[in-house]
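The following note is intended for a colleague who is meeting this structure for the first time. Its points may be read alongside the sequence and the coordinates.

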Amino acid sequence: TKHRHGYHEFKAGSMLLADALNKSDLGINAKVHWYGWPEDESILNDVDAIIIYADKGGELAEKHDFLDKKIKDGMGIMFMHYGVHPTKEAGEQYFKKWIGGYFDEEFSTNPSWIADIAPKKGHAVARGGELPLKVYDELYFNMNFKENCAYCYPLATAIPTAENMIRYGSNKFWSQSAANQLGKEQALIWCHDSKNAGRGAGFVGGHYHNNWAVDNYRK
């Protein structure tokens with residue numbers, strides 16, 4: 001990462017989250033690989049799901065087709081924070097079919113705001129945490145989502161407003177299109193829940209490392 005300490009601490013955040021999952025008594029065996037694509041790709045054999053918490057969509061380059069085959073064979077995939085921000089080409093060709101959407105530099109935005117998060121009622125994602133769930137994070141919105149997707153839906157939402165906005169983010173990403181979304185519900189976590197081509201999810205938060213100390217947000 002090119003960010004300063006406390007921001008985009010993807011290695012530390014992944015280690016912390018994996019440790020929490022392994023201690024959850026959910027039968028999960030989470031392992032962490034950091035700083036680049038694994039030289040030994042066999043570590044991805046028989047993996048049920050992979051989470052990519054990294055800059056620029058993971059900068060996967062020639063590995064998109066490798067992941068695509070894994071996903072077609074049933075592996076789940078999730079991208080977190082800057083991970084949901086691939087190139088336009090990768091977003092259209094892969095991310096839409098893997099997770100249902102991506103950060104599109106043409107109109108998506110990256111402000112930091114205080115969100116009152118509403119997990120999807122009745123869904124597994126709502127288990128464990130307690131409401132109200134309020135957090136300050138760099139939470140992207142106005143994403144490029146797959147149109148007419150029967151198996152895409154939000155897992156957690158919040159509403160950005162002028163009142164809960166702290167920083168409007170990078171100038172190049174704030175636009176009239178983004179401003180038009182103020183006051184409208186935004187998906188902070190969403191999924192592509194296909195029954196025959198793998199399952200995927202995206203999460204826009206995870207910018208500030210100290211947020212993982214917020215129990216409900218981490219859960």
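Predicted model: local features only at pLDDT ≥ 70, side-chain atom pairs only at ≥ 80, totals over all residues.

**Notes on selected residues and on one helix pair**

1. Glutamate 59 counts as exposed, because its relative accessibility is 55%. The residue belongs to the loop that links strand S1 (49-53) and H2. Its phi is positive, at about 45°, although glutamate 59 is not a glycine.

2. The mean pLDDT of the chain is 94, and 99% of the residues reach 70 or more. Confidence is lowest in helix H5 (residues 215-218), where the mean is 91. Confidence is highest in strand S3 (residues 101-102), at 98.

3. A second residue with a positive phi is histidine 8, at about 55°, although it is not a glycine. Histidine 8 is placed in the segment before helix H1 (10-22). Its relative accessibility is 2%, and therefore histidine 8 counts as buried. Glutamate 59, by contrast, counts as exposed.

4. The backbone also includes a cis peptide bond, which joins leucine 131 and proline 132 with omega at about 0°. Proline 132 is located in the loop between S4 and strand S5 (133-138).

5. How do helices H2 and H3 pack? Helix H2 (residues 64-72) and helix H3 (residues 88-98) meet at an angle of about 20°, and their axes are 11 Å apart. Because angles under 35 degrees count as roughly parallel, H2 is described as roughly parallel to H3. The crossing in which H2 passes H3 is left-handed.

6. On the H2 side, this contact is made by His64, Asp65, Leu67, Asp68, Ile71 and Lys72. Sorted by class, the contact of H2 with H3 comprises 6 nonpolar, 1 polar and 4 charged residues.

7. Leaving aside residues up to four places away in sequence, aspartate 68 touches Tyr94, Lys97 and Trp98.

8. Which residues of H3 are buried? They are Ala90, Gly91, Tyr94, Phe95, Lys96 and Trp98. The buried residues of H3 pack against H2 and against several strands, namely strand S2 (76-80), S3, strand S6 (144-145), strand S9 (186-193) and strand S10 (199-203). Just after H3, glycine 100 adopts a positive phi of about 90°.

9. Is glutamate 105 buried, partly exposed or exposed? Its relative accessibility is 47%, so glutamate 105 counts as partly exposed. The residue sits in the loop between S3 and strand S4 (112-119). Not counting residues up to four places away in sequence, glutamate 105 touches His85, Lys172 and Phe173. Asparagine 196 lies 91 residues from glutamate 105 along the chain, and the C-alpha atoms of the two are separated by 30 Å.

Key. Residues numbered from 1 in each chain as written. Heavy atoms only, no water. Axes fitted to C-alpha atoms, helices over the stretch in contact; angles between N-to-C directions. Helix = DSSP H or I, 4+ residues; strand = E, 2+ residues; numbered from the N terminus. Parallel < 35°, antiparallel > 145°, perpendicular 65-115°, else oblique. Left-handed = near helix turned anticlockwise from the far one by under 90°. Contact = heavy atoms within 4.5 Å. Nonpolar A, V, L, I, M, F, W, Y, C, P; charged D, E, K, R; others polar. pLDDT = per-residue confidence, 0-100. Buried < 20%, exposed > 50% of the residue type's maximum accessible area, 1.4 Å probe, protein only.
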